[in-house]
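Hello,

Here is the structure I promised to pass on. Please open it first, then read my notes below.

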Amino acid sequence: MKALFKAIRHGETDEVIRILERHPELLDTPSIAPPKKDEGQSPLQVAVKTGRTDIADYLIRRGADVNYMESGGEQEKAWHAPVIQDAVISVFTACCHGDYDRSRRTLEILRSLLERGAEPNKPDSFGRIAWDVAGSQLVQVLCPPYSAKQQNFARKQAREVFGLLLEHGSRIVEPS
């Protein structure tokens, strides 16, 4: 199992495919620490969080659980989120880093998740849904130190994210 998560983190798509062909039961098996940063997360979550969109796409097409929510493990009181929220965060994180191509690719992963039945209203461990997360991520990018280019791109991506969430049944949540 460790080899699968290592291959995902290193972007070794062929190795991920090889491992899952031999061990299909690992598709939704959560990671076990170490490393703690992956603990309780599915292969799909790790692929999304690390920007390995080609691997995330493969995992989705192979039938990974698009509504998976990481388990607590040793970090039981930490924030736990469904994979859809990881995708939303990754869209905006890439904007913050000026990696517009990665943001676009992650937006396509978000679209795939929703088309495969990801539930936009599934709450994280704090009760927030993807709409809340998208709003808070956008607000962060619209503040300094981010450039006008980053902010404008984030606005464009936000229109797409919110549109997809609405199209797939998200509740609209007022900012708190």
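Contact means heavy atoms within 4.5 Å. By that rule, Phe92 touches Ala134, Gln137, Leu138, Val141, Ala154, Ala158 and Val161, leaving out residues up to four places away in sequence.

Some ground rules. This is a predicted model, where local features need pLDDT of at least 70, side-chain atom pairs count only at pLDDT 80 or more, and totals for chains, interfaces and linings use all residues. Residues are numbered from 1 along each chain as its sequence is written, and side-chain values use heavy atoms, without hydrogens and water.

Now the core. A nonpolar core is a set of buried Ala, Val, Leu, Ile, Met, Phe, Trp, Tyr and Cys residues joined through side-chain atoms within 4.5 Å. Buried means under 20% relative accessible area (1.4 Å probe, protein chains only). The largest such core has 50 residues. Phe92 is among those that touch the most other members, and so are Leu110 and Val161. Helix H5 (83-96) is one of the contributing elements. H5 gives the most, with 9 residues. Helices here are DSSP runs (H or I, at least four residues), numbered from the N terminus.

Next, H7. Its buried residues include Trp131, Ala134 and Leu138. H5 and H8 are among what covers the buried residues of H7.

Best wishes

Definitions and conventions. Helices (H or I, at least four residues) and strands (E, at least two) are DSSP runs, numbered from the N terminus.
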